[in-house]
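Please look over the sequence and the model before reading on, and keep both at hand. The report below is meant to be read beside them.

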Amino acid sequence: MHYQTSGGSWGTYVTAAAAAGGGGGDPLERVERLASENAVVIFSVSTCCMCHAIKRLFCGMGVNPTVYELDEDPRGKELEKALMRLLGTSSAVPVVFIGGKLVGAMDRVMASHINGTLVPLLKEAGALWL
């Protein structure tokens, strides 16, 4: 991964405001649009330790996710609320989409990794070739 906004080694980092193209609209529609634009999309908060762990997991697997840091977006709180509605939880991040499909939060991603279903999802989405 690589930072588009601040330089680093995670993957593609984009502020959600930049990705929105200045457009408004329903935050849930924005989440769905952003999630469908890349093979692996992570909605994150830069200071969240669970977000850091999930980014490390994907990078360690050789995946180059697109990461949207919600705390760096002036409208990030709206996206967080939309993610909470989508997940039905009180915690909005990290949230992972693979191939435009919601995988879920940290617990669902780790369960998929442990039970062996994560790698096939990544291959199917074109995020992993080996």
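Predicted model: local features only at pLDDT ≥ 70, side-chain atom pairs only at ≥ 80, totals over all residues.

Residues are numbered from 1 along each chain as its sequence is written, and side-chain values use heavy atoms, with hydrogens and water left out.

**Overall fold**

The chain has six helices and six strands, where helices (H or I, at least four residues) and strands (E, at least two) are DSSP runs numbered from the N terminus. Read from the N terminus on, these elements follow the order β-β-α-α-β-α-β-α-β-β-α-α. Of the 130 residues of the chain, 43% count as buried; here buried means under 20% relative accessible area, exposed means over 50%, and partly exposed lies in between, with a 1.4 Å probe and protein chains only. The chain exposes about 6,400 Å², of which carbon and sulfur atoms supply 55%; accessible areas come from the Shrake-Rupley method with a 1.4 Å probe, and for residues only the protein chains shown count as cover. Among the contacts in the chain with a separation of 6 or more, 60% are accounted for by residues 24 or more positions apart, a contact being heavy atoms within 4.5 Å.

**Helices H2 and H4**

Helix H2 (residues 27-36) and helix H4 (residues 76-87) pack with their axes 8 Å apart and at an angle of about 80 degrees. Axes are lines fitted to C-alpha atoms, for helices over the stretch in contact, and angles run from 0 to 180 degrees between N-to-C directions. H2 and H4 are therefore roughly perpendicular to each other, given that angles of 65 to 115 degrees count as roughly perpendicular, under 35 as roughly parallel, over 145 as roughly antiparallel and the rest as oblique. In this packing, Pro27, Leu28, Arg30 and Val31 of H2 meet Glu78, Leu79, Ala82, Leu83, Arg85 and Leu86 of H4. By class, the contact of H2 with H4 has seven nonpolar, no polar and three charged residues, where Ala, Val, Leu, Ile, Met, Phe, Trp, Tyr, Cys and Pro count as nonpolar, Asp, Glu, Lys and Arg as charged, and the others, Gly among them, as polar.

The buried residues of H2 are Pro27, Arg30, Val31, Leu34 and Ala35. Seen down the axis of H2, these buried residues fall within an arc of 130 degrees, so they line one face of the helix; the arc is that of the directions from the helix axis to the C-beta atoms.

**Helix H5**

In helix H5 (residues 106-115), Met106, Val109 and Ser112 are buried. Seen down the axis of H5, its buried residues fall within an arc of 135 degrees, so they line one face of the helix. They pack against helix H3 (49-60), strand S5 (95-98), strand S6 (101-104) and helix H6 (118-125), whereas the face of H5 turned away from its buried side carries the exposed residues Asp107, Arg108, Ile114 and Asn115. H5 is followed by glycine 116, whose phi is positive, near 85 degrees.

**Single residues**

Serine 44 lies in strand S3 (residues 40-44), and its contacts, leaving aside neighbours within four places in sequence, include Cys51, Tyr68 and Val93. Valine 63 lies in the loop between H3 and strand S4 (66-69) and, with such neighbours again left aside, is in contact with Val40, Phe58, Leu122, Ala127 and Leu128. The C-alpha atoms of valine 63 and alanine 127 are 5.9 Å apart in space, although the two are 64 residues apart in sequence. Glutamate 80, placed in helix H4, touches Val45, Leu70 and Ala92, not counting residues up to four places away in sequence. Lysine 123, in helix H6, is in contact with Leu128 and Leu130 when neighbours within four places in sequence are left aside.

| Residue | Relative accessible area | State |
|---|---|---|
| Valine 31 | 0% | buried |
| Serine 44 | 0% | buried |
| Valine 63 | 3% | buried |
| Glutamate 80 | 15% | buried |
| Lysine 123 | 41% | partly exposed |
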